[in-house]
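Morning, everyone. Please take a look at the sequence and the structure on the screen. I'll walk you through it.

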Amino acid sequence: MDFDTPLFDIPLAEAWIRAIAAAVEKEQTRLTELDSAIGDGDHGSNLQRGFAAVLTALDGLQPAGPGAVLTKTGTTLISKVGGASGPLYGKAFRAIGAALPEPAAPADVAEALAAGLDAIRTLGKAEPGDKTIVDAWTPAVAAFRHAAATGAALPEAAAAAAEAADRGARDTVPLQARKGRASYLGERSIGHQDPGATSTALLFRALADVTTG
């Protein structure tokens, strides 16, 4: 392993979570508006409350490795966030945390993010095309994996994943929801961007920002 290459370590894990919290705070209204169109209207407020609790939980934490930071994040989200997003994101972060070695190279991060996706799909029973979180997370993992496999450093892999997640979120607009509360709307769910896919894009954009910052 080339230790001149940026690695995913404890400071970077903490910076990622703090960047997600800041992004959710900034985009809370937009997430709520998206969810109001096809869901319960609480996605933004739930995530904001959850990540505020995560920041409190991380204060004073002395993690053994980057995985411990993400595991704590997941546990806190599960306990503090209502609706579907708490369990889904909570399980994802716990799976990512469990899969991360210390320190983690890009290929390690790719596999950890894939473990997070597996946790989401197992819990939510969603597939690509169902108009859910999975529609942004799946292409993000694929892009990260491809970049890591071709020798990209962490910033480049994270940037590729962020772009793919953004596209995946936008691509939910023409889809008809097949999972969650939005599925109750049938064809009326078409034409709206999925709030969960949108918050997933924020998550991956935050990772790109902290790795390049």
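**A loop, a chain and a helix**

Let's start at Pro 101, which sits in the loop between helix H4 (85-99) and H5. Before more detail, two notes. This is a predicted model, where local features need pLDDT of at least 70, side-chain atom pairs count only at pLDDT 80 or more, and totals for chains, interfaces and linings use all residues. Residues are numbered from 1 along each chain as its sequence is written, and side-chain values use heavy atoms, with hydrogens and water left out.

Buried means under 20% relative accessible area, exposed means over 50%, and partly exposed is in between, with a 1.4 Å probe and protein chains only. What does Pro 101 touch, leaving aside neighbours within four places in sequence? Pro 66 and Asp 108. Contact here means heavy atoms within 4.5 Å. Gly 67 is 34 residues from Pro 101 in sequence, yet their C-alpha atoms are 7.0 Å apart.

Now the whole chain. The secondary structure comes to eight helices and zero strands. Helices are DSSP runs of H or I with at least four residues, strands are runs of E with at least two, and both are numbered from the N terminus. How does the radius of gyration compare with a compact globule? For 213 residues such a globule would have a radius near 17 Å, and the chain has 16 Å, which agrees. That radius is taken over C-alpha atoms, and the globule rule is 2.2 Å times the number of residues to the power 0.38. The C-alpha atoms fill a box of roughly 50 × 40 × 30 Å along the principal axes. Of the 213 residues, 50% count as buried. Take contacts with a separation of 6 or more: residues 24 or more positions apart account for 68% of them.

Next, helix H7. Residues 154-170 make up H7, which has 17 residues. From first C-alpha to last, H7 reaches 24 Å, close to the 24 Å expected at 1.5 Å a residue. That expected span is 1.5 Å times one less than the number of residues. Which residues of H7 are buried? Among them are Leu 154, Pro 155, Ala 157, Ala 158, Ala 161 and Ala 165. An α-helix has 3.6 residues a turn, so residues three or four places apart point the same way. The cover over the buried residues of H7 includes helix H1 (10-38), helix H5 (106-124), helix H6 (134-149) and helix H8 (195-212).

Zoom in on Ala 161, in H7. Its relative accessible area is 0%, so Ala 161 is buried. Beyond neighbours within four places in sequence, Ala 161 is in contact with Ala 140, Ala 143, Phe 144 and Phe 204. The C-alpha atoms of Ala 161 and Phe 144 are separated by 5.0 Å, and the two are 17 residues apart along the chain.

At 40% relative accessibility, Glu 163 counts as partly exposed. Glu 163 and Gly 65 are 98 residues apart in sequence and 28 Å apart in space, C-alpha to C-alpha.

One last stop: Asn 46, in helix H2 (residues 43-58). Asn 46 has 7% relative accessibility, so it counts as buried. Leaving aside neighbours within four places in sequence, Asn 46 contacts Val 81, Gly 82, Gly 83 and Ser 85.
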